[in-house]
Amino acid sequence: MKRFIRLLALMSAVVVALAACQKAAGPQIQVEDAWGRPSPKVATAGAFYMTLRNTGNEDDALIGASSDACGTVELHESFKTAEGAMGMRPVEGGKIVIPAGQTVELKMGGLHIMCIDKKVDFTPGTKVKLVLHFEKSGDMPIEVEIRQPK
Amino acid sequence: MAYKKPVLVLVGALLLVAVGWWGWNRFRPYAFHGTVLQSTEPAPDFTLMSADGPVSLRDFRGKVVMLYFGYTFCPDVCPTTLFEVQRAMELLGDDADQVQFIMVSVDPARDTPERLKEYVQYFDPRFIGVTGSEDEIAEVATQYGIYYQKHEGTVATGYLVDHTASITVVDKKGYVKLIFPYGTPAEDMAADLKYLISH
């Protein structure tokens, strides 16, 4: 019995240590609800949207993405100009920072991943493979479904 | 027979409430969701080119016209707006035939009439896309208070165009009546359009 309790204590310690390690491992990025907007063939550019969650204890940043479905992938944001018009520009500093413990939403009329020179039809139901490049977490392959906005 | 009195009073009161409610809904002024403009002059006419020939505003007298200035390269703001208009048209059902959506290109150098047609009809086959020379577009945009400005993009995007992203609504008599700012939900547009169709 004594031996069993000792074993149990040891195991608990290992679990706690592992959990601590994991927490100390820096940024932890989760990608949720990634989707792309359907667009006509003639529209050369498409857009992807998603929620980026950082459950780690260190900031990270999305610095780019690549896909065989796009000639070029860029990080852009739509914004209201001083004149009250809507504009679009590449994101400041070329990256989207996801602070530790926070969530950043890429959504219509705001931050988005732009797919320039689409190589596939962005029709509803299509699945597009996309690799997200993070400053610290490295590459993360994801699948994006083309669907109507909710 | 004494019990009948309170019943009658109750029925009378209910009737009064019902008639009042009906009257309030029937005669109160309609509150538009969009921004109301009371223009004293008819909306400036224009003639621009679509893939199916010239299109003038006056062609649609008797219909409610939605004017939108945008460009086909725009991957976020324009499709977001066109999708909402598409939904508004769906919500209107048969009444949608009384509405004409026209997208005017603010990127005449890259948007050909054919390109515009394919772009807008992806959202609704009834939509029309028009373009013209740089000067013609500039004139129409100025008349409608639309701001647009090219600015440098990246190597991949080429130039981008900032533009006013609201929709101008011209009523059946040809007067500018409403502005739908960017982000107006389809339900709000449909309600306003329905009112303009029936008045």
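**Note on a predicted two-chain model**

1. B:Met103 lies in strand S5 (residues 99-105) of chain B, where strands (E, at least two residues) and helices (H or I, at least four) are DSSP runs numbered from the N terminus. With a relative accessibility of 0%, B:Met103 counts as buried; buried means under 20% relative accessible area, exposed over 50%, and partly exposed in between, for a 1.4 Å probe and protein chains only. Leaving aside residues up to four places away in sequence, B:Met103 touches B:Tyr68, B:Gly70, B:Tyr71, B:Thr72, B:Leu82, B:Leu116, B:Tyr119, B:Val120, B:Ile128, B:Gly129 and B:Val130. Contact here means heavy atoms within 4.5 Å. B:Met66 is 37 residues from B:Met103 in sequence, and the C-alpha to C-alpha separation is 8.3 Å.

2. On the basis of the note: this is a predicted model, in which local features need pLDDT of at least 70 and side-chain atom pairs count only at pLDDT 80 or more, while totals for chains, interfaces and linings use all residues. Residues are numbered from 1 along each chain as its sequence is written, chains are lettered from A and ligands numbered from 1 in the order in which they are written, and side-chain values use heavy atoms, with hydrogens and water left out.

3. The secondary structure of chain A consists of one helix and 10 strands. Along the sequence the pattern reads α-β-β-β-β-β-β-β-β-β-β. Chain A has 150 residues, of which 43% are buried. Of its contacts between residues at least 6 apart in sequence, 67% join residues at least 24 apart.

4. Chain B is divided into domain 1 (1-30) and domain 2 (35-197), with bounds that come from an automatic or database domain assignment. The C-alpha centres of these two domains of chain B are 46 Å apart.

5. Over all chains the count is two disulfides, a disulfide being a pair of cysteine sulfur atoms within 2.5 Å. One of them joins A:Cys70 to A:Cys115, with an S to S distance of 2.1 Å. This pair links distant parts of the chain, with A:Cys70 in strand S4 (residues 70-80) and A:Cys115 in strand S8 (residues 111-118) of chain A, 45 residues apart. The torsion about the S-S bond of A:Cys70 and A:Cys115 is about -110°, so the disulfide is left-handed. A:Cys70 is buried at a relative accessible area of 6%, and A:Cys115 is buried at 0%.

6. The disulfide in chain B joins B:Cys74 to B:Cys78, with an S to S distance of 2.4 Å. Its torsion about the S-S bond is about 100°, so the disulfide is right-handed. B:Cys74 and B:Cys78 are both buried.

7. A:Asp60 is buried yet has no salt bridge, and the nearest side chain of opposite charge, A:Lys136, is 5.7 Å away. For charge, Lys and Arg count as positive and Asp and Glu as negative, with His and the chain ends not counted; a salt bridge is a side-chain nitrogen of Lys or Arg within 4 Å of a carboxyl oxygen of Asp or Glu. A polar atom of the A:Asp60 side chain lies 3.4 Å from the backbone nitrogen of A:Glu135. Beyond residues up to four places away in sequence, A:Asp60 touches several residues, including A:Pro27, A:Ile29, A:Ile96, A:Phe134 and A:Ser137.

8. The whole structure contains 17 salt bridges over all chains. One of these pairs the side chains of A:Glu32 and A:Arg53 (2.7 Å, N to O). It links A:Glu32 in strand S1 (residues 29-36) with A:Arg53 in strand S2 (residues 45-54) of chain A, 21 residues apart. A:Glu32 is partly exposed at 27%, as is A:Arg53 at 30%.

9. Also in chain A, the side chains of A:Glu77 and A:Arg89 form a salt bridge (3.2 Å, N to O). A:Glu77 is in strand S4 and A:Arg89 in strand S5 (residues 86-90), 12 residues apart. A:Glu77 is buried at 17% relative accessibility, whereas A:Arg89 is partly exposed at 33%.

10. A salt bridge between the side chains of B:Asp76 and A:Arg37 (3.9 Å, N to O) crosses between chains, from the loop between strand S4 (64-70) and helix H2 (77-92) of chain B to the loop between S1 and S2 of chain A. B:Asp76 is buried at 0% relative accessibility, and A:Arg37 is buried at 3%. Within chain B, a network of salt bridges links B:Glu84, B:Arg87 and B:Glu187.

Key:
Polar contact = N/O pair within 3.5 Å; in protein donor to acceptor, adjacent residues only side chain to side chain.
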